[in-house]
Amino acid sequence: MRSREEWTSVVDLIERIVGEDDLLPSVVIGVRTMVREAASLSSADITGHTRALLFAATRALAARRGPSEAELSFVEDLAVTRARQGVPIEAVLGAIHIAERTIWSRARETAPSAGVTPDLLLDARELYDDWAEAVRSRLITAHRVAKADPHPRTDARDAVILRRLLEGGSAAALAAVEAGLPTAGGLWALVARADDLAAAAALERALREYPPVLCARLDGLLVAVLARAPAPRAVRSGLTAGLAGPVEAEELAAARRLALDALAAAESSGRSGVVHVAEVASLVALVGRPDLAAVLLERHRQDWNTLGANAASVALAVSTWLEADRDVNAAAGRLFVHPNTVRNRVQRFTDVTGVDPATTFGAADAWWLCRTWLAQA
């Protein structure tokens, strides 16, 4: 039975080799030279998939286990991608073999200087071979199924990887490695509406100016995962984007939800640009509770009726006044009315509802109620 210290030393050796700057370029050259069917693939494609496979293998070695379901899911995606590209399974396996040969050749050369004995290295290789055998089996099966599927998937590569990122968990960590995103230091999730195609395209171009970044349009939204927070001016032309992070790759699913919450909150308060969820935390808490909004509406249903034909004007004046930090002149300018009109409407709201927007919590309730009224009007 190997001690933890012994196993750590061999894992450290493999991690160091995988992290060498020239490893992936040499693998890409070898694949393109020796696997004819892979010569047409881009360097980024080969590098991304190879990096993710090596990352998965190293994690398995460190934990002394076989492939996880997340790793096998990634392998299936790789098989489907290569099948759609017309790359035969023999070529896929050949490319993996070149990467394996390169790593273990370097491991044998550097093991003595790293204090790793031949028998310890052999134990690691045997464990890797068990992992690789399960991977090859899943690759072959998935490739065969994909070739027989008469309805191939049309998702772009970035969209496929992004969806895996947003699944969270270990699948996200593998997807981040494949996309060339850092696995340490945190990642950022950004969400914007894609209804305005020109504005969404401009935002995507601006984000891609600062790689590494992964962008795609998913379910009517422009979604991006970035290695750094975007500049506030990255969003132009009045577009609004919600932002959350930094988080680890495994937490991107939650970060995407928070970014979407930030987008909704920013839109509800008329903000534009890049808005981090922390900047609108209170609004997110309000906007994210439609059940409480319904209770608020029911509580003040008669008040809306009492305000009568002026109800919408009163609600708009109160919400605008609060969003202007209770600056009557600023609110009046936005509404194109006299400042006294704003004062009168705010007072009317207070008299009818009993909610005082001049107090801290009253302001929150008043804004929420007025915005909900206006949304329902």
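Is Glu279 buried, exposed or partly exposed? At a relative accessibility of 44%, Glu279 counts as partly exposed, where buried stands for under 20% relative accessible area, exposed for over 50% and partly exposed for what lies in between, with a 1.4 Å probe and protein chains only.

The model is predicted, so that local features need pLDDT of at least 70 and side-chain atom pairs count only at pLDDT 80 or more, while totals for chains, interfaces and linings use all residues. Residues are numbered from 1 along each chain as its sequence is written, and side-chain values use heavy atoms, with hydrogens and water left out.

Five strands form an open sheet with mixed pairing, in the order β2-β3-β1-β4-β5. The edge strands, each pairing on one side only, are β2 (213-218) and β5 (273-276). On average, neighbouring strands of this sheet are turned by 20 degrees against each other, direction ignored. Strands are DSSP runs of E with at least two residues, helices are runs of H or I with at least four, and both are numbered from the N terminus. Two strands pair if DSSP finds at least two bridges between them. Within the sheet, β1 (residues 187-193) pairs with β3 (residues 221-226) in the antiparallel sense over six bridges. Trp188 stands opposite Leu226 in β3.

Helix α10 (residues 252-268) packs on the sheet and touches β1, β3, β4 (240-247) and β5, contact meaning heavy atoms within 4.5 Å. The direction of α10 makes about 150 degrees with that of β4. Axes are lines fitted to C-alpha atoms, for helices over the stretch in contact, and angles run from 0 to 180 degrees between N-to-C directions.

The whole structure contains 12 salt bridges, a salt bridge being a side-chain nitrogen of Lys or Arg within 4 Å of a carboxyl oxygen of Asp or Glu. Glu279 forms one with Arg271, at 2.8 Å from N to O; Arg271 is partly exposed at 33% relative accessibility.

Another salt bridge joins Glu323 and Arg371 (2.9 Å, N to O). Because Glu323 lies in helix α14 (residues 311-323) and Arg371 in helix α17 (residues 360-376), the pair ties together parts that are 48 residues apart in sequence. Glu323 is partly exposed at 25% relative accessibility, and Arg371 is partly exposed at 26%. Elsewhere, salt bridges that share partners join Glu20, Asp22 and Arg106 into one network.

In the salt bridge between Arg106 and Glu20, the closest N and O atoms are 2.5 Å apart. Arg106 is in helix α5 (residues 89-110) and Glu20 in the loop between α1 (4-18) and α2 (23-34), so this pair ties together parts 86 residues apart in sequence. Arg106 is buried, with a relative accessible area of 17%, whereas Glu20 is partly exposed at 28%.
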